[in-house]
Amino acid sequence: MNRRRNPYRNLDWTLIGCWLALVLFGWINIFSVLHGENHNIFDFSQKYGMHFVWICISLVTAVLIIRVIPAAFWQGISWIAYAGVILLLLATLALGVSSHGSQAWISIGSFRLQPAEFSKITTSLALAALMSKYGFTLKSMPNILKVAGLLLLPMALILLEKETGSVLVYVGFLVVLFREGMSGWILAIGFLIVLEFILTIITSPYIAMVVGLAIFLLVFFFKKEEYILGGLVTVLTCVALAFLPKVLEIESVAAVNPLPAHAWLAIVASAVSVFFILRLIIRYPRKTFERNAFIVLLCGILFVLSVQFFYNKVLQDHQRNRIDVFLGLVDDPKGVGYNLHQSMVAIGSGGFAGKGFMKGTQTSLGYVPEQETDFIFCTIGEEWGYLGALFILALYMAIIFRIIIMADKAKDSFTRIFGYCVAMCIAVHVVINIGMTIGLMPVIGIPLPFLSYGGSALLAFTVMLAIFIKLEFDDRKI
Amino acid sequence: MSRRNKILLVLFVIFAVMAVRLFSIQIIQKKYRESADNNALKYVTIYPARGRILDRYGNTIVENKITYDIMVTPRQVEEFDTLAICRIFGLDQDFVREKFDYYKANSRKIGFGSMPFLKQVSSEQFNAYAERAFLFPGFDAIARTARVYPVNAGGNLIGYVSEVDRDYIEKHPDYRSGDYAGKTGLERAYESRLSGEKGYTVYYRDANGRIKGHYEDGAADKDAVAGSDITTTIDAQLQAYGETLMRNKVGSVVAIEPSTGEILTLISSPGIDVSQLAEINKYYKEISENPYNPMFNRTVQSAQPPGSVFKLVNGLIGLQEGVLHRETRYPCARGYTNGKVHVGCHGHASPINLPQSIAMSCNAYYCYVLRTILDNKKYANIEESFNKWREYVTSFGFGQKLGSDVPYELGGNVPTVNTYNKLHGKGRWKSLSIISLSIGQGELGCTPLHLANFCATIANRGWFYTPHMIKGDEEHPLDSAYTVKNYPMVEEKYFPLIVEGMNMSVYGDGGTSHVAQVPGVNMCGKTGTAQNPHGDDHSVFICFAPKDNPKIAVAAYIENGGFGATWAAPIASLIVEKYLNGEIADSRKELETRVKNGYLLNKVPVRKRKR
């Protein structure tokens, strides 16, 4: 073959190969779950037959994107597409079909579509278009507001559709913003928020505040390179706050029952830590860092107080249940915990090499729910064992790392930002989904990219990946 | 470190955590694999045979025959000849089609499980199937037992056995769907002894749900323990004879051995025919739509006014209270009249003493008796005297559950002071207002079991054992409730007077119970004619025999049968005759034929029953 006549030789065949492997592996696993007495994988009256149709549709779409549609098209259409999907989300809210307690499907004839899946593409495109403008920097407030609005609008609409899982995916975009210059503090604070949330629910708001304060003090003093003083103040404050409620007989927040002899310790500790904290307050607001730190501290206290309200009043029963089961507050193998238990039994029983294709008892006997969609990883874990599960993890890691590395190298910032968006979307889906099936994450119904049954998700992820392959391919030709 | 590398590092750590977690649950921890094994083991239940029910002489009332349930494992069914299946089991093709449509629709739920295809198949059909079983892969037969009834001992006495429903399982956690349990009668009362213990065989199956073998070579299996037989106090022949007498009549007959409290017969008519009992589900609709309500066990559930039989209670109370003596005489001018109150009576000699009053069943006499009891000066007011009267009445067991082992026993009703305070207003009623109690009318409700027990109390001259249907043995001694004598508040010395009256009723001049004379038996009886607002009077009779050392006490309650002497007395006396003499004397054959052919159903008002 003449190399010069095949310009697509330089396409990223690694990504394409990983895609193909995941998609085909997903398809045979869906077949394994659902086959029953039927042994014709091309039976189009069955879900696995339909899934093959979706694979073909995705493949044709990918070929179109790579070979027909020019790369510049995507940057040009990004805002229109973004607006279009926002309209679709609004339409879904108005006309959508309810399924599993959420209202996220739109029906066109017998064809059902999940706009939330496509909002990831358009949001990525719009984000890339916005941030790749010449001279764009995340340091200016109008820009920050623009980015925030761009992300929050689809998030709000999806939240209204009660698709909590799809909203979580947007967390991935924070990483993109971090890559593009957002302060790492925001990610750190994000992490703190989750930590405080969990602590508030599984222990008490008071303990959450004490832990928060301890972290704050440590970070604050360490940043000022006062390591010894920082450690001392932190320890003393913790001791004081742990024992004081009991000494002062405030039973409602008392977490630790001190011995009577600890009273003097509590008093000394509080005196010393109050001394140092007062010294800090006297220095306040000379530097931006300190001012911001105190704002964060105040917000943290407000946050912890509002978490209880949010958890008790705002969250819906099934969501609260999922959080409770995940945090181990409720042991409920027949209810919400049933999914998780059966899922882990299925994966755990796979052992090292698995039970073999179509031999998984747990998944094919119907013990695991939603096994062809959200719990497809169970079938892989059971029938292909640790090897199969590692293979899938490796494929995902390959795709994600490769996209990130190639995006980082791209000369065009649109390509780079879009690439990061694609990688993070896939990464968040994989981590949440697999994490859920092995009990590391709460049970949140989002699909496993390229593997789960479901046309919308497969098509959406394929389109995303194909656009990136095309953008990156053209980028290298510049 | 560049931001790209920071991101990659964090992602790598997260993926590593997942890989370690997978390693932990897939390779290190064993509990998940064990759980999966549990999913893969199959328990096949072995159903025990139910215990037999025997009568007092060891004759079988209920036994078992083997039937088969045909099960289907839909996933293992291959193409088969539907017509052949239909021919073997006598089904139509639509039945088979519907079944398989159902399996298909629920295939996810059924999985590799088995579903009942046809229940209680006879052994003939099973044999026909077994010869050709190889033609029907996926079909399977489990042996079960079904009940057989060699004598017609009445469906309400025996009770029926049927598959437990969800309600039953909730109340009895030991039962599983597909189990059978006694729902009424003896089957219910002694379910725990009759049912035995289920066993199971454990198999393991491969991914396709196919049985691969016997798990641990049978070490994990449990044998079924057959239910134990129970010996009842019932006389099966007498029970069956009573059923023929009660044919086409609505009412009850209860016979008790006075010296033990053992129930000899317990007939509720119309009852569930024993031919329908084994397949109760098949006939359930027909039975429940029968206007005479065969499901209703009248012997313990039908509380009705006892009529003149109750005069004996008032007589006993009067004697104990000292306001009545053998020679106390009251006049009767075809009834009792006081102001506006008039209680009618039939024509008979007057004045009469106590035994005569029983023999002739004089209404006026007992109006006087009740008034002397209630207007006794030793009580401050009517409420106090009435409460005392009520205490006497309930001491005979009336107005409360006797505590027999007949399921669903009702307590009946004896009015209270409150009843009349509500009816007439507090302080606005007196003995005359409630005069109908004297002759067993008014607000009284007694079940036939109450009456039979009362009759046994008189036969015993003042005490009774709580009636029961079960015989004690070494393994299961009688419940202490059935071995303790109960003494009503009337002393034993007063009973012979009542017995004398009952004997006179059968043999004396003007006695109302002459029809109950049985050759060779010294009979004591008392008729009753209970008025009721729903048609003809109810015919009531209690009797016991022989007069000395009584062997049997009977109460018969025939709804809308007219005078006590018309139907109840002949039926009760025939029961006594059959029991004591073994056969009916030629002189009474005519009476027996009249009773057997008697058709009273058209006299019984049929109300549309509410669902």
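Predicted model: local features only at pLDDT ≥ 70, side-chain atom pairs only at ≥ 80, totals over all residues.
Over all chains, though, the salt-bridge count comes to 33, while the disulfide count is zero.

**Where chain A meets chain B**

- On the chain A side 52 residues are in contact, and they touch 29 residues of chain B.
- Polar contacts do turn up here: seven residue pairs between chain A and chain B make them, both partners being at pLDDT 80 or more.
- The elements of chain A that put two or more residues into the side touching chain B are α7 (171–179), α14 (336–348), α15 (361–364), α16 (376–409) and α17 (413–437).
- Of these, α16(A) gives the most, with 14 residues.

**A helix in chain A**

- Helix α8 of chain A runs over residues 184–202, which makes 19 residues.
- From first C-alpha to last, α8(A) reaches 27 Å, close to the 27 Å expected at 1.5 Å a residue.
- Buried residues in α8(A) are E196(A), F197(A), L199(A), T200(A) and I201(A).

**Salt bridges in chain B**

- K119(B) and E163(B) pair up with their closest N and O atoms 2.4 Å apart. K119(B) sits in strand β4 (residues 115–121) and E163(B) in strand β6 (residues 161–163), so this bridge ties together parts 44 residues apart in sequence. K119(B) is partly exposed at 33% relative accessible area, and E163(B) is partly exposed too, at 25%.
- E383(B) bridges to K426(B), with 3.0 Å between the closest N and O atoms. Here helix α18 (residues 382–395) is linked to the loop between α19 (417–424) and α20 (448–459), the two residues being 43 apart. K426(B) is exposed, at 60% relative accessibility.
- D548(B) meets R461(B) in a salt bridge of 3.6 Å, N to O. D548(B) comes from the loop between β16 (538–545) and β17 (552–558), and R461(B) from the loop between α20 and α21 (495–507), so parts 87 residues apart in sequence are tied together. D548(B) is exposed at 54%, whereas R461(B) is buried at 18%.
- There is also a network of salt bridges linking R50(B), R147(B), E187(B) and E191(B).

- C367(B) is buried, with 0% relative accessibility.
- C524(B) is in no disulfide either, its nearest cysteine sulfur being that of C455(B) at 8.7 Å. C524(B) is likewise buried, at 0%.

- E257(B) belongs to strand β11 (residues 251–257) and is buried at 12% relative accessibility.
- The side chain of E257(B) makes polar contacts with the side chains of R56(B), at 3.3 Å, and T260(B), at 2.7 Å.
- Leaving out residues up to four places away in sequence, E257(B) touches R56(B), E262(B), L264(B), K551(B) and Y579(B).
- R87(B) lies in helix α3 (residues 82–89) and is exposed, at 59%. Its C-alpha is 9.8 Å from that of Y129(B), which sits 42 residues away along the chain.

Definitions and conventions:
Residues numbered from 1 in each chain as written. Chains lettered and ligands numbered in written order. Heavy atoms only, no water. Disulfide = S-S within 2.5 Å. Buried < 20%, exposed > 50% of the residue type's maximum accessible area, 1.4 Å probe, protein only. Helix = DSSP H or I, 4+ residues; strand = E, 2+ residues; numbered from the N terminus. Expected span 1.5 Å × (residues − 1). Contact = heavy atoms within 4.5 Å. Polar contact = N/O pair within 3.5 Å; in protein donor to acceptor, adjacent residues only side chain to side chain. Salt bridge = Lys/Arg side-chain N within 4 Å of Asp/Glu carboxyl O.
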